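Thanks for coming. I have one structure to go through today, and I will keep to what can be read from the coordinates. Please have the sequence and the model open while I talk.

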Amino acid sequence: MSPFVLPFTENTFCSGDHVSWHSPLDNSESRIQHMLLTEDPQMQPVQTPFGTVSFLQIVGVCTEELQAAQQWNGQGILELMRGVRVAGGPWLITDMRRGETIFDIDPHLQQERVDQGIETEGSNLSGVSAKCVWDDLSRPPEDEEDSRSICIGSQPRRLSDKDTEQIRETLRKGLEFNSKAALPPINSQRQSHERPPSRKDSLESESSAAIVPHELVRTRQLESVHLKFNQESGTLLPLCLRGRLLHGRHFTYKSINGDTAITFVSTGVEGAFATEEHPYAAHGPWLQILLTEEFVEQMLGDLQELNTREETKLPKEYSWPEKKLKISVLPDSVFDNPLQ
């Protein structure tokens with residue numbers, strides 16, 4: 001099945017995915033500023049000499065609908081929209097003049113469908129491309145032998161092909177309902193040439209080739225870490241904790257600025273190189289953080305203000321000294337102009 005490719009980002013998408021656009025899709029004053037993707041209800045898949053080609057439909061949504069899709073799942077929100085005629089109806093037709101969300105039109109949808117779905121099913125969003133970095137506070141960043149180099153303003157090492165493939169497989173598995181929450185093993189024998197060379201997944205880029213051979217990059221246990229996110233990425237932390245980790249799953253932030261990654265895992269996730277004994281572990285520029293259920297509950301309380309949809313005054317800093325973990329939510333400018 002061929003993926004949908006955004007030509008200006010080379011990202012690929014499948015049914016149920018979303019695109020955070022943050023601007024009216026028709027350059028008007030419309031509230032329709034984001035997109036959900038679904039199988040086209042009219043265009044059926046076709047067989048070609050190169051395989052099956054399927055067609056995706058872009059459905060315009062409001063910010064509140066996008067957030068609900070992130071917190072729960074895209075297909076669930078699309079099904080709710082099909083039942084609301086002015087929000088798309090059976091054919092999911094986007095009306096850029098729509099001024100009300102499906103939750104404005106039917107307030108019961110939020111509590112009875114979305115909130116209940118999050119509570120019972122969790123979120124099927126297993127990762128996002130984001131503005132994020134991580135810093136190892138365990139040793140001086142000037143250490144040239146350090147296998148990471150993740151500080152803003154420095155030239156980061158790239159994720160290896162095997163790491164990129166593992167993260168990609170992780171996200172693919174996370175999007176499947178009722179699948180076992182597992183990270184593929186680091187020493188997977190799966191080679192990238194098994195995949196069609198013309199296909200690009202959302203975690204693959206032209207610059208993702210390894211600078212350091214995968215086998216020579218050792219996994220390190222870290223004593224203390226500092227995570228840095230922009231505001232949009234920071235607001236997804238409650239989703240990561242509530243919708244993923246409390247359901248025994250994992251969640252990955254894949255940096256758009258330097259091929260680094262941060263994966264949060266719960267104690268029920270198999271195949272992670274972070275453990276309860278060593279909850280912070282790095283394989284080159286890929287950081288994994290294992291959080292116990294008790295710590296997740298504590299973090300949810302401390303990060304409660306990130307649940308609000310209002311703009312938060314930045315920077316914001318959250319610290320858990322006993323866990324040797326610090327999280328900062330910073331303005332976009334810090335990530336857009338790293339050398340300033």
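I start with strand E14, residues 280-283, and strand E15, which pair in the antiparallel sense over four bridges. One of the residue pairs here is Ala 282 with Leu 287, its bridge partner in E15. E14 and E15 make a hairpin that leaves two residues between the strands. In that turn, Gly 284 has a positive phi of about 60°. Please keep in mind that this is a predicted model.

E15 has another partner. Strand E13, residues 261-265, pairs with E15 in the parallel sense, and five bridges join them. Here Val 265 has Leu 290 of E15 as its bridge partner. So much for the pairing of E15.

Now the cover on E15. How many of the five residues of E15 are buried? The strand spans residues 286-290, and five of five are buried.

Strand E16, residues 316-320, pairs with strand E17, residues 325-330, in the antiparallel sense over five bridges. Ser 319 has Lys 326 in E17 as its bridge partner. Four residues separate E16 and E17 in this hairpin. Lys 324, in the turn, has a positive phi of about 55°.

Next, a sheet from the other end of the chain. Three strands form an open sheet in the order E3-E4-E7, and the pairing is antiparallel. Which strands are at the edges? They are E3, residues 18-20, and E7, residues 56-61, and each of them pairs on one side only. From one strand to the next, the twist averages 25°. E3 and E4, the latter covering residues 34-39, are joined by three bridges in the antiparallel sense. Val 19 has Met 35 in E4 as its bridge partner.

Two helices lie across this sheet. Helix H1, residues 63-71, lies across E3, E4 and E7, and runs at about 130° to E3. Helix H2, residues 74-82, lies across E4 and E7, at about 90° to E4.

Met 43, Val 46 and Phe 55 make a nonpolar patch of about 240 Å². Val 46 is in strand E5, residues 46-48. Is Val 46 buried, partly exposed or exposed? Val 46 counts as partly exposed because its relative accessibility is 37%, and the range for that class lies between 20% and 50%.

Last, the chain as a whole. The secondary structure comes to nine helices and 17 strands. The chain has 340 residues, and 46% of them count as buried. Taking contacts between residues at least 6 apart in sequence, 66% join residues at least 24 apart. The chain exposes about 17300 Å², with carbon and sulfur atoms supplying 49% of that area.

That is what I have for today.

Technical notes
Residues are numbered from 1 along each chain as its sequence is written. This is a predicted model: local features need pLDDT of at least 70, side-chain atom pairs count only at pLDDT 80 or more; totals for chains, interfaces and linings use all residues. Side-chain values use heavy atoms; hydrogens and water are left out. Two strands pair if DSSP finds at least two bridges between them. Axes are lines fitted to C-alpha atoms, for helices over the stretch in contact, and angles run from 0 to 180 degrees between N-to-C directions. Contact means heavy atoms within 4.5 Å. Buried means under 20% relative accessible area, exposed over 50%, partly exposed in between (1.4 Å probe, protein chains only). Accessible areas come from the Shrake-Rupley method with a 1.4 Å probe; for residues, only the protein chains shown count as cover. Patches are made of residues with over 30% relative accessible area and no salt bridge: like charges are joined within 9 Å, nonpolar side chains (Val, Leu, Ile, Met, Phe, Trp, Tyr) within 5 Å. A salt bridge is a side-chain nitrogen of Lys or Arg within 4 Å of a carboxyl oxygen of Asp or Glu.
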